[in-house]
Amino acid sequence: MHAFIKEITHFKQIPDDPYQLVGAFCCMLIPLLIGYFSGNMTSASFMSFGSLTFLYSKKQAARTLLP
């Protein structure tokens, strides 16, 4: 049980790519601004959740992703 808890609480260090962080910022900012100016922050916050997956995506070659 102790090994299981240690395994699920261990986080791998992910190298930060500055372009990926800027891209994620833009992907979060645009839906939030649209929601703010349209007066619907509920949908804006829901739309910006998708950009969080952009932060955790790994860079892989297209030939490994296609099959």
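UniProt, in an unreviewed entry, lists residues 21–39 as a "transmembrane region"; UniProt positions are given in the numbering used here, feature names are shortened, and annotations may be inferred rather than shown by experiment. The end C-alpha atoms of this span lie 27 Å apart, and its content is 95% helix and 0% strand.

The model is predicted, and local features need pLDDT of at least 70, side-chain atom pairs count only at pLDDT 80 or more, while totals for chains, interfaces and linings use all residues. Residues are numbered from 1 along each chain as its sequence is written, and side-chain values use heavy atoms, with hydrogens and water left out.

**Overall architecture**

The protein has 5 helices and 0 strands. Here helices (H or I, at least four residues) and strands (E, at least two) are DSSP runs, numbered from the N terminus. Read from the N terminus on, the order of elements is α-α-α-α-α. Of the 67 residues in the protein, 13% are buried; buried means under 20% relative accessible area, exposed over 50%, and partly exposed in between (1.4 Å probe, protein chains only). The accessible surface of the protein comes to about 6200 Å², and carbon and sulfur atoms account for 70% of that area. Accessible areas come from the Shrake-Rupley method with a 1.4 Å probe, and for residues only the protein chains shown count as cover.

Phe 25, Leu 29, Leu 33, Tyr 36, Phe 37 and Met 41 form a nonpolar patch on the surface, with about 670 Å² of accessible area together. Patches are made of residues with over 30% relative accessible area and no salt bridge, like charges being joined within 9 Å and nonpolar side chains (Val, Leu, Ile, Met, Phe, Trp, Tyr) within 5 Å. A salt bridge is a side-chain nitrogen of Lys or Arg within 4 Å of a carboxyl oxygen of Asp or Glu. Helix 2 (residues 18–38) supplies the largest share of the patch, 5 residues.

A search of the whole structure finds 1 aromatic pair. Tyr 36 and Phe 37 form this pair, which is edge-to-face, at 5.3 Å centre to centre and with 70 degrees between the planes. Rings of Phe, Tyr and Trp (its six-membered ring) pair if their centres lie within 6.5 Å; planes under 30 degrees apart count as stacked, over 60 as edge-to-face and the rest as tilted. Both Tyr 36 and Phe 37 are exposed.

Gly 35 is also placed in helix 2, and the C-alpha atoms of Gly 35 and Ser 45, 10 residues apart along the chain, are separated by 7.9 Å.

**Cysteines and accessibility**

The whole structure contains 0 disulfides, a disulfide being a pair of cysteine sulfur atoms within 2.5 Å. The sulfur of Cys 27 is 7.0 Å from the closest cysteine sulfur, in Cys 26, and therefore too far for a bond.

| Residue | Relative accessible area | Class |
|---|---|---|
| Cys 26 | 36% | partly exposed |
| Cys 27 | 38% | partly exposed |
| Gly 35 | 2% | buried |
| Tyr 36 | 56% | exposed |
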